[in-house]
Amino acid sequence: MKELIKNFIETTNAGDVDGALCLFAPDAIIDDVSVGDAFVGKEGVRLYLERFFVGYHTFSKLLSIETIDDRHAAVRLDFTGDFGHETGTLKIAINSDGQIERADADLD
């Protein structure tokens, strides 16, 4: 799980949408209450990454990882970008293939 999260941070910080997409299951969901929308499937995840990571030049820094079990973790992140500075939580669930199947995002 820690390696997956590290890869997510590295690829999104590099603006590598295709690299980040490889970490997600085909039917993945990102539900971001901060923007009031859910993004479903590879195309939805691509849209989310392009809009909120690449589009805002978002740089994420890992603050902590709380492993809940083999398939769930709560990740605290520090975000900077064109929007300013925020912190938030990303609750991640992975499938049996080790891909992200759901991410619930919420800024503080």
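This is a predicted model: local features need pLDDT of at least 70, side-chain atom pairs count only at pLDDT 80 or more; totals for chains, interfaces and linings use all residues.
Visitor: What about H57, what is its phi near?
Guide: Near 50°, a positive value in a residue other than glycine. H57 sits in the loop between helix 3 and strand 3 (59-69).

Visitor: Is H57 buried or exposed?
Guide: Exposed, with a relative accessible area of 57%. The cut-offs are under 20% for buried, over 50% for exposed, and partly exposed in between (1.4 Å probe, protein chains only).

Visitor: Back to helix 1. How far does it reach, first C-alpha to last?
Guide: 16 Å for its 12 residues, 2-13, close to the 16 Å expected at 1.5 Å a residue. The expected span is 1.5 Å times one less than the number of residues.

Visitor: And which residues of helix 3 are buried?
Guide: G41, G44, V45, Y48, L49, F52 and F53. They lie on the same side of helix 3, because they cover an arc of only 135° around the axis. That arc is taken over the directions from the helix axis to the C-beta atoms.

Visitor: New topic: salt bridges. How many?
Guide: The count is 5. Each is a side-chain nitrogen of Lys or Arg within 4 Å of a carboxyl oxygen of Asp or Glu.

Visitor: What does R46 meet in one?
Guide: The side chain of D18, at 2.7 Å, N to O. R46 is in helix 3 and D18 in helix 2, 28 residues apart. R46 is partly exposed at 23% relative accessibility.

Visitor: And which residue does R76 pair with?
Guide: D108, with the closest N and O atoms 2.8 Å apart. R76 is in strand 4 (residues 72-81), while D108 is in the segment after strand 6. D108 counts as exposed, at 57%.

Visitor: What joins into one network?
Guide: D18, R46 and E50, through salt bridges that share partners.

Visitor: D32 next. How far is its nearest side chain of opposite charge?
Guide: 9.7 Å, and that is R51. D32 is buried yet has no salt bridge. Lys and Arg count as positive, Asp and Glu as negative; His and the chain ends are not counted.

Visitor: So what lies 2.8 Å from a polar atom of the D32 side chain?
Guide: The backbone nitrogen of S34. A polar contact is a pair of N or O atoms within 3.5 Å; within protein, one must be able to donate a hydrogen and the other to accept it, and residues adjacent in sequence count only if both atoms are side-chain atoms.

Visitor: Last one, N95. Where does it lie?
Guide: In the loop between strand 5 (84-94) and strand 6 (100-107). N95 is buried, at 14% relative accessible area. Its side chain reaches the backbone nitrogen of D97 at 2.9 Å.

Visitor: Which residues is N95 in contact with, leaving aside neighbours within four places in sequence?
Guide: A25, R71 and E101. Contact means heavy atoms within 4.5 Å.

Technical notes:
Residues are numbered from 1 along each chain as its sequence is written. Side-chain values use heavy atoms; hydrogens and water are left out. Helices (H or I, at least four residues) and strands (E, at least two) are DSSP runs, numbered from the N terminus.
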